Amino acid sequence: MSDPGLFGPDSVTWRVQSDPVMWVAGLRALLLQAVHPAAMAGVIDHSDFRIDPWGRLARTADYVGTIAFGSSDEVAVAGARVRGVHAKIRGIDARSGRTYSARDPHLLLWVHCCEVESFLTTYQRGGGRLTGAEVDTFYAEQTRAAAVVGIDAGTVPASAAQMASYFRRMRPELVADGRALRAARYVLLPPMSGRVQLTTPARPAWFAVAGLAGALLPPWARRLYRLPGLPTTDVAATIALRTLRVALQSAPERYRVGPHLRAARQRMAQSESGATSGASPAHGG
């Protein structure tokens, strides 16, 4: 039986999240998430991103890919795993004295909205074309992803207008404090072995792409980080992103198509093949 997972090949989600610039979108989402102090308190106290940033990035990418392209069973397992981890994350923010919990719907919604808004914005600024109706469809589809981690889908922005309104409401809570700046430094300058830095262009290449992710942030978020907020920054970032996207699209498929999408395509092809071979041939009279 065909199992398209949460979305399926005809969804706007598959079109957006199969684009090769999504890894830039992921870095943008991390930088955006970091300006919420309560969200950062949990990361600082419980995450291993400082010890194993590459492992953390890989696990996050694996989760995002599974939710977008995985089978129903794979999505269920991934969601249960994340909810189990969230159940253990709670504490008191040393700076504000407020308690926090990774199961807090308010914080879960913040993380979700930063992710999906980054996916969509990066895709569009990279040259991906969507109608207004398709943009709203993407956000509506993503309410299913929110439900996987326990967010009430009815509270999730399901259109471009609702998403814009959500970020306007959140602005008073946001600040790029020392913790956010430290997280941003890890995004821009993650640890690399001396061999990698000396024998490959990984360090300057990563810094350029991570810097591009920062330049793609909305102007208000760049101001929080004390980054340039001029209109020319937006224009330059868009041009750079489109140039990168064209280069990535011309790369061999093994470099631009992630393992989750490859597995999903194979799964769907097998289900179609099985349906065809299982059909009874017509017999003439």
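Hi everyone, thanks for coming. Please keep in mind that what we have here is a predicted model.

Let me start with the whole chain. The secondary structure comes to 15 helices and two strands. Of the 285 residues, 44% are buried. If we take contacts between residues at least 6 apart in sequence, 72% of them join residues at least 24 apart.

Now, helix α4, residues 53-69. How far apart are its end C-alpha atoms? They are 24 Å apart, and that agrees with the 24 Å that 17 residues should span at 1.5 Å a residue. The buried residues of α4 are P53 and G55, and then the run of Y63, V64, G65, T66, I67, A68 and F69.

Next, a pair of helices. Two packed helices are described by the angle between their axes and the distance between the axes. For α6 (residues 105-125) and α7 (residues 132-148), the axes come within 11 Å and cross at roughly 150 degrees. The crossing is right-handed. On the α6 side, the residues that meet α7 are H112, V116, E117, F119, L120 and Q124. Their partners in α7 are V135, F138, Y139, Q142 and A146. By type, the contact residues divide into seven nonpolar, three polar and one charged.

Two of those names come back when we look at V16, which lies in helix α1, residues 12-17. Is V16 buried or exposed? With a relative accessibility of 0%, V16 counts as buried, because the cut-off for buried is under 20%. Leaving out residues up to four places away in sequence, V16 touches M22, F119, Y123, L130 and F138.

My last stop is H36, in the loop between α2 (22-33) and α3 (37-46). Although H36 is in a loop, this residue is buried, with a relative accessible area of 5%. Which residue makes a polar contact with the side chain of H36? The partner is E173, through its side chain, at 2.9 Å. Again leaving out residues up to four places away in sequence, H36 touches H106, L107 and W110, together with M170, E173 and L174.

That's my tour, and I'm happy to go back to any of these spots on the screen.

Methods. Residues numbered from 1 in each chain as written. Predicted model: local features only at pLDDT ≥ 70, side-chain atom pairs only at ≥ 80, totals over all residues. Heavy atoms only, no water. Helix = DSSP H or I, 4+ residues; strand = E, 2+ residues; numbered from the N terminus. Expected span 1.5 Å × (residues − 1). Buried < 20%, exposed > 50% of the residue type's maximum accessible area, 1.4 Å probe, protein only. Axes fitted to C-alpha atoms, helices over the stretch in contact; angles between N-to-C directions. Left-handed = near helix turned anticlockwise from the far one by under 90°. Contact = heavy atoms within 4.5 Å. Nonpolar A, V, L, I, M, F, W, Y, C, P; charged D, E, K, R; others polar. Polar contact = N/O pair within 3.5 Å; in protein donor to acceptor, adjacent residues only side chain to side chain.
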